[in-house]
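Me: I have a model open and want to go through a few spots in it. Can you take my questions as they come?

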Amino acid sequence: MNLNKQPFGETADAKPVELYTLTNTGGMQVKITTYGATVTSLMVPDRDGNPGDVVLGYDSLEAYSTRKEYFGCIAGRYANRIAGGKFSLHGTEYQLAANDGDNHLHGGIRGFDKVVWQAQGVEDDRGIGIKLDYLSPDGEEGYPGNLSISVLYTLTENNELRIDYFATTDKSTIVNLTHHSYFNLAGAGTGDILSHDLMINADRFTPVDKSLIPTGELRKVAGTPFDFTKPTAIGDRIDQDDEQLQIGGGYDHNFVLNKDAEGPCLAARAFEKKSGRTMEVYTTQPGVQFYSGNFMENNIAAKAGLLYHHRGGFCLETQHFPDSPNRPDFPSTVLEPESEYRHTTIYKFRN
Ligand code: GLA
């Protein structure tokens, strides 16, 4: 196990940004920058033991600060969408920044993906990690309350990238944090992800309106192209004549996870034949947004001198359901000053 720190560059306002490299003894290595608490690279061995980078990333800090794909970041204060950027809490109405048409997306104009976090190395029984802290001030992007957040990334000796999230506030607020890596288990930049087999442990999903806001219905996946209860290639049904797929330009939907225990439960499993790599996702969260990279245009300048193309990666963003602050029937995303926000998501790799 090993941890190494290097400069990654400077932000526009001259804040130095660092890049941490964590290596385990199972052949995995992860690089995480303090800009956006972002995973920039994740090396995982294939079936022959050859390492390959399975997450998408840009070629510069400047691209991380200007582009809209949210490669590898921590999204928040509220990951995913809030309708009209509005919600009310204990009788007060709040207006958040609108950065996706009229809606609020991934924390607003300058979300947690576009701030510099404070980092420190951590080593425990599980493996080697870094803890990233950020204090989001009262009123940032329209949110109430000073929110103190810690994200602990651990690269375990069992070939897991584990993410533990903690947050506390001094005023009632809303929180929904997620990790936004785009995966391509064949290797970032090798083509689209349509031939990956995917299983999502969800009997229901939340259909959306034209601006990708849930309608409120929890619809059964059975008999629809959203049924991933058995492993199915992502591309098998993605272009079917289905209203929900047309709205998303493919998959861009929240799945309601089947839960059988309190701790992290299996949410999804992806398998890629050529490399033999499998990724399992475990989480304490009630939902996962499966996004098939539909908004990716062709020829995105990426790390290693590569160009990425449409659907060159997929995200499994563990989260609360989109627009929960306006849906009293969805699991609550309210955080009160006397309680602590705590969630865990684990991306586990096998080869
Ligand atoms: C999320 C959203 C998508 C898109 C991406 C970023 O996954 O659900 O609609 O905005 O982030 O491009």
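Me: Before that, what kind of model is it, and how are residues numbered?

Reply: It is a predicted model, in which local features need pLDDT of at least 70 and side-chain atom pairs count only at pLDDT 80 or more, while totals for chains, interfaces and linings use all residues. Residues are numbered from 1 along each chain as its sequence is written, and side-chain values use heavy atoms, with hydrogens and water left out.

Me: How many bridges between strand 2 and strand 3?

Reply: Five, in the antiparallel sense, between residues 16-23 and residues 29-33. L19 stands opposite T33, and T21 has K31 as its bridge partner. The hairpin of these two strands has five residues between them, and G27 there takes a positive phi near 90°.

Me: And on to strand 4, how many bridges from strand 3?

Reply: Five again join strand 3 to strand 4, running antiparallel. K31 stands opposite S41 in strand 4. This hairpin has four residues between its strands, with G36 in the turn at a positive phi of about 75°.

Me: T38, then. Buried or exposed?

Reply: T38 is buried, with a relative accessible area of 1%; buried means under 20%, using a 1.4 Å probe and protein chains only. T38 lies in strand 4, residues 38-45.

Me: What does its side chain reach?

Reply: The T38 side chain reaches the backbone oxygen of Y35 at 2.8 Å. Not counting residues up to four places away in sequence, T38 touches K31, I32, T33, Y64, F71, G72 and C73, where contact means heavy atoms within 4.5 Å.

Me: Switching to E280. Where does it sit?

Reply: E280 is in strand 23, residues 277-283. E280 is buried, at 6% relative accessible area.

Me: Which side chains does it make polar contacts with?

Reply: The E280 side chain has a polar contact of 2.8 Å with that of R269 and one of 2.6 Å with that of Y282. A polar contact is a pair of N or O atoms within 3.5 Å, where one must be able to donate a hydrogen and the other to accept it.

Me: Last topic, rings. How many aromatic pairs?

Reply: The count comes to 21 aromatic pairs, taking rings of Phe, Tyr and Trp (its six-membered ring) with centres within 6.5 Å. One aromatic cluster includes Y64 and F71, and T38 touches both Y64 and F71.

Notes. Buried means under 20% relative accessible area, exposed over 50%, partly exposed in between (1.4 Å probe, protein chains only). Two strands pair if DSSP finds at least two bridges between them. Rings of Phe, Tyr and Trp (its six-membered ring) pair if their centres lie within 6.5 Å; planes under 30 degrees apart count as stacked, over 60 as edge-to-face and the rest as tilted.
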